[in-house]
Amino acid sequence: MSYQEIVPYTAVFIDAQWDHFIRAATLCVMKSPERAPIIRDIQKMWVNSQNANSVLPCLSVRTALDLYLRVMNFPPGSEVIVSAVNIPDMIHVLKAHNLRIVSLDINLETMAPKLHLLEQLITEKTKILLIANIYGRRFDVTPFIDVAKRHQIAVVEDLAEGFSGFDYMGHPESDLSLFSFGPIKYFTAFGGAIAKVCDTAIFEKMERLYESYPLQTHMEYLKKVLKYTFVYVLLNCPSLVKPSMYLTRSLDIDHKKYVVKLLRGFPNNLIERLRHRPSTALLAMMKDRMSTFDSAEINLSNVKAEYVSERLPAAVTQVGKEAAVRNHWLFPVIVENPDEVVKALSTLGIDAYRGATQLNIVEPDNGDSHLSKLDDFVARYPHEAKYLIDHVIYLPVNKTVPFHELDRICRALSVVVASTNDNDLLPTRPEPNVNLRSKL
């Protein structure tokens, strides 16, 4: 691979400009404005005629989930049905409350959990259904809420990767809807989250408990902003990305693993660190980013993603191509031999990646009552979710990538696929009824 062949764009990027970093840093060192008016302004933005649920700005999505669980105080051993792809920290929070994890498989075409499996997983111990919209794809949660209501189960709608404007703020009947503004999310504030709470009494309990949390200091927030500024240089600045890619590949250094590690919001002491309120500077930055939301930015991302989608080789499967709403947070595709494909693309100057996000399969807890028999385990194990995680790669496709570079990415992918014999890269997705007993 020559220096000229490198496409200087990455699978993840920070959705910000230099003035956003300057603004965030300035907020950290200037005299703090009053918190209450900022919170009220944010709350007003997140209430409309379609969804008037109460609004709580939080430090992170994990903070909001932990806060909700503390208020609800479910009995130890209660079960939570979780759509089968999420980040490990969300599972960590659930287990910190002594809850058992029940994994609900997903459909790769729609990215929706499999509704027909849901009722089979519900037991007398089931208290919560946590469903995640991942990669920016969105599905109709109404049928899931209908099932949950029949069984008096709370619904948590995880939209950490799903913010695309104020036209959708979560389903009004979801007990809790969560949105993230972390470093690699759309319209990032370099942290922060929004929780929409359906029940007013539960919201008031959450708010009272949250007021007892210590504040994130401005220095803590400033350190994060400065760290993400360094990451921004590594991810978003083509004139610097290109030489850094060339150097790290020449030295056989996995720079991507290092960058993803820097993007982690809570690298250690998760529960202790998430139990804080956002600093006033972070709240002000959240308000700034939200108040300047421009749907044209989301539309540009979608135009470029769809441009590549139309040019994918037949042996490459796009994730969530039949989703009800096809926004594109990251650009995941499925291939049969992902490690080989990533390596081959790298030799052609394309920075595809396997671990661009912390998303992983949610394994069911051992010993669940509904998985006590091997036949049940085989039938209800999240096969499609596992297939996704085992075969997904992330391409450097986002709104910052010029069309001529997108063409180069498509050509390189076609070359890699065509270079294999016997369609070795053609994904062979397991059918739901296939007997997989021998593979367990």
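**Loops, cores and a helix crossing**

Author: Let's start with Gln152, which sits in the loop joining helix 6 (142–150) to strand 7 (154–159). Keep in mind that this is a predicted model.

Reader: What about Leu330: where does it lie, and is it buried or exposed?

Author: Leu330 is in the loop between strand 11 (325–326) and strand 12 (332–334). Leu330 is not a glycine either, and it has a positive phi of about 70°. Buried means under 20%. Leu330 comes in at 9% relative accessibility, so it counts as buried.

Reader: Asp351 is in a loop too, between helix 14 (338–347) and strand 13 (360–361). Is Asp351 buried or exposed, and which residues is it in contact with?

Author: Its relative accessibility is 2%, so Asp351 counts as buried. Skipping neighbours within four places in sequence, Asp351 is in contact with Tyr9, Thr10, Ala11, Met245, Arg249, His255, Lys256, Tyr394 and Pro396.

Reader: Which residues touch the most other members in the largest nonpolar core?

Author: That core has 124 residues. Leu388 belongs to it, and beyond four places in sequence Leu388 is in contact with Val85, Ile106, Leu108, Met111, Tyr135, Val319 and Ile334. Another core, of 27 residues, lies apart from it and includes Leu345, Ile393, Val397 and Val401. In the largest core, the members that touch the most others are Trp46, Leu94, Tyr135, Phe190 and Leu388.

Reader: How do helix 3 (residues 61–72) and helix 7 (residues 200–211) cross?

Author: Their axes come within 9 Å and cross at roughly 110°. Angles of 65 to 115 degrees count as roughly perpendicular, so helix 3 is roughly perpendicular to helix 7. As for handedness, helix 3 passes helix 7 in a right-handed crossing.

Reader: Which residues make that contact, and how many are nonpolar, polar and charged?

Author: Helix 3 brings Thr63, Ala64, Leu67, Tyr68, Arg70, Val71 and Met72, while helix 7 brings Ile202, Lys205, Met206, Leu209 and Tyr210. Sorted by type, the residues of the contact of helix 3 with helix 7 come out as nine nonpolar, one polar and two charged.

How values were computed. Residues are numbered from 1 along each chain as its sequence is written. This is a predicted model: local features need pLDDT of at least 70, side-chain atom pairs count only at pLDDT 80 or more; totals for chains, interfaces and linings use all residues. Side-chain values use heavy atoms; hydrogens and water are left out. A nonpolar core is a set of buried Ala, Val, Leu, Ile, Met, Phe, Trp, Tyr and Cys residues joined through side-chain atoms within 4.5 Å. Buried means under 20% relative accessible area, exposed over 50%, partly exposed in between (1.4 Å probe, protein chains only). Contact means heavy atoms within 4.5 Å. Axes are lines fitted to C-alpha atoms, for helices over the stretch in contact, and angles run from 0 to 180 degrees between N-to-C directions. Helices (H or I, at least four residues) and strands (E, at least two) are DSSP runs, numbered from the N terminus. Angles under 35 degrees count as roughly parallel, over 145 as roughly antiparallel, 65 to 115 as roughly perpendicular and the rest as oblique. A crossing is left-handed if the near helix is turned anticlockwise from the far one by less than a right angle, and right-handed if clockwise. Ala, Val, Leu, Ile, Met, Phe, Trp, Tyr, Cys and Pro count as nonpolar, Asp, Glu, Lys and Arg as charged, and the others, Gly among them, as polar.
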